[in-house]
Amino acid sequence: MTTRPGPSLRGTVPRVVSLVPSLTEAVAVTAPGVLVGATDWCSHPADLDVARVGGTKNPDVRAITALRPDVVLANEEENRAPDIAELRAAGLDVLVTEIRTLDQGLRELERVLAACGAPRRPRWLDEAEAAWAAVTPEGTYTAVVPIWRRPWMVLGRDTFAGDLLARLGVRNLYAEHPERYPRLPLDELRAAAPDLVVLPDEPYRFTRDDGPEAFPGAAAALVDGRHLTWYGPSLGAAPRVLTRALRAASR
C-alpha cells in the first residue's frame, strides 16, 4: 500500500486517533493529550484514557469520524485496506505506515510523531536507536518463529520481528519464503530441524506449557511479544530483553 505524507495540522493541539497499538504508546508517551481515540487492543500506556473505536481489523468508522481527528494513524499490515479506504472516503486524513525493518521503523516513528505535533525527536527514540546500534550477537541460531497455532503460522520474509531477530544472531529458516506469514504443517516445521523455536506471547499467547512440546529436540525461547513486534518506546529495552530470552533457551 502506498503511504501518504503526514497531514498539515493547524492549531497547537492536534486530535489523533490511533489504530495501531505500538503507535498509540509512542504518541501517548511523546505527545500527551493529543490522542482522542484508540483501538480496544491499545493496552499501553496502562492508564490510557481515550475513546475506544473497535479493533485493529474492524474499526468503527462512524465513531472515529465523530471524534473529528486531524489525523488517523494506521499501518499497512496491522489494518485492512478497505477500512483505510472507508476512513479516507469519510474525509479523514489517514497516515499509513509501512514498517518491515528496524531502520524503517525508526524513520516512520519520527514521521508519525512529527505529524502528531511532537516538537522534537523524543529521547526514547534516540535511546532505542543507540541500543540497537550497540547490539553484538552472543551466538547464531537457526530458528522457526511461530506466531499462531491451529493452524500453525510462522514468520516468513520481510518482517519487522524477523529483522530484530536477525540482528540478534537468529537466522529465520523461513526468511526467504514467498509469504510473509506462511501457514505450514507442523511436520514441515519440525523437519526444518531448527536449533531454536522462538515463541512470542502475542498474537498467540505461547507459554511454557503451550508451544515448546510441539518441537521436541529444539530449544525453546519464550519471548515478550511486545519487545519483538512493537515499534515504540519498548524498542529501547528490546535488545536486552530478547537477548536474555535467547540466552536462557540456549543453556
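Two strands count as paired when DSSP finds at least two bridges between them. With that in mind, let us walk through this structure, which is a predicted model.

While you are at α4, which covers residues 102-115, you can pick out glutamine 104. Its relative accessibility is 16%, so glutamine 104 counts as buried, the limit being under 20%. Neighbours within four places in sequence aside, glutamine 104 is in contact with Glu98 and Ile99.

Now let us move to another sheet. This one is open as well and has four strands in the order β9-β6-β10-β11, again with parallel pairing. Here the edge strands are β9 (170-172) and β11, each of which pairs on one side only. On average, neighbouring strands of this sheet are turned by 40° against each other, direction ignored. Between β10 and β11, which run parallel, there are five bridges. Valine 197, for example, has alanine 220 as its bridge partner in β11. Helix α9 lies across β6 (141-144), β9, β10 and β11, and runs at about 155° to β11.

The aromatic rings come next. A pair of such rings is described by the distance of the centres and the angle of the planes. The structure holds five aromatic pairs. One of them joins tryptophan 148 and tyrosine 204, with 5.4 Å from centre to centre and 80° between the planes, an edge-to-face arrangement. Tryptophan 148 belongs to strand β7 (residues 146-148), while tyrosine 204 sits in the loop between β10 (196-200) and β11 (219-223), so this pair ties together parts that are 56 residues apart in sequence. Tryptophan 148 is partly exposed, at 34% relative accessibility, whereas tyrosine 204 is buried, with a relative accessible area of 13%.

Another pair brings together phenylalanine 160 and tyrosine 231. Their ring centres are 5.4 Å apart and their planes stand at 90°, so this pair is edge-to-face. Phenylalanine 160 is in helix α6 (residues 160-167) and tyrosine 231 in the loop between α8 (225-229) and α9 (238-250), so parts that are 71 residues apart in sequence are tied together by the pair. Phenylalanine 160 is buried, at a relative accessible area of 4%, and tyrosine 231 is buried too, at 5%.

Two more stops complete the walk. Finally, look at tryptophan 230: arginine 226 lies over the face of its ring, at 5.6 Å from the ring centre.

Conventions:
Residues are numbered from 1 along each chain as its sequence is written. This is a predicted model: local features need pLDDT of at least 70, side-chain atom pairs count only at pLDDT 80 or more; totals for chains, interfaces and linings use all residues. Side-chain values use heavy atoms; hydrogens and water are left out. Rings of Phe, Tyr and Trp (its six-membered ring) pair if their centres lie within 6.5 Å; planes under 30 degrees apart count as stacked, over 60 as edge-to-face and the rest as tilted. Helices (H or I, at least four residues) and strands (E, at least two) are DSSP runs, numbered from the N terminus. Buried means under 20% relative accessible area, exposed over 50%, partly exposed in between (1.4 Å probe, protein chains only). A charge sits over a ring if NZ of Lys or CZ of Arg is within 6 Å of the ring centre and within 35 degrees of the ring normal. Contact means heavy atoms within 4.5 Å. Axes are lines fitted to C-alpha atoms, for helices over the stretch in contact, and angles run from 0 to 180 degrees between N-to-C directions.
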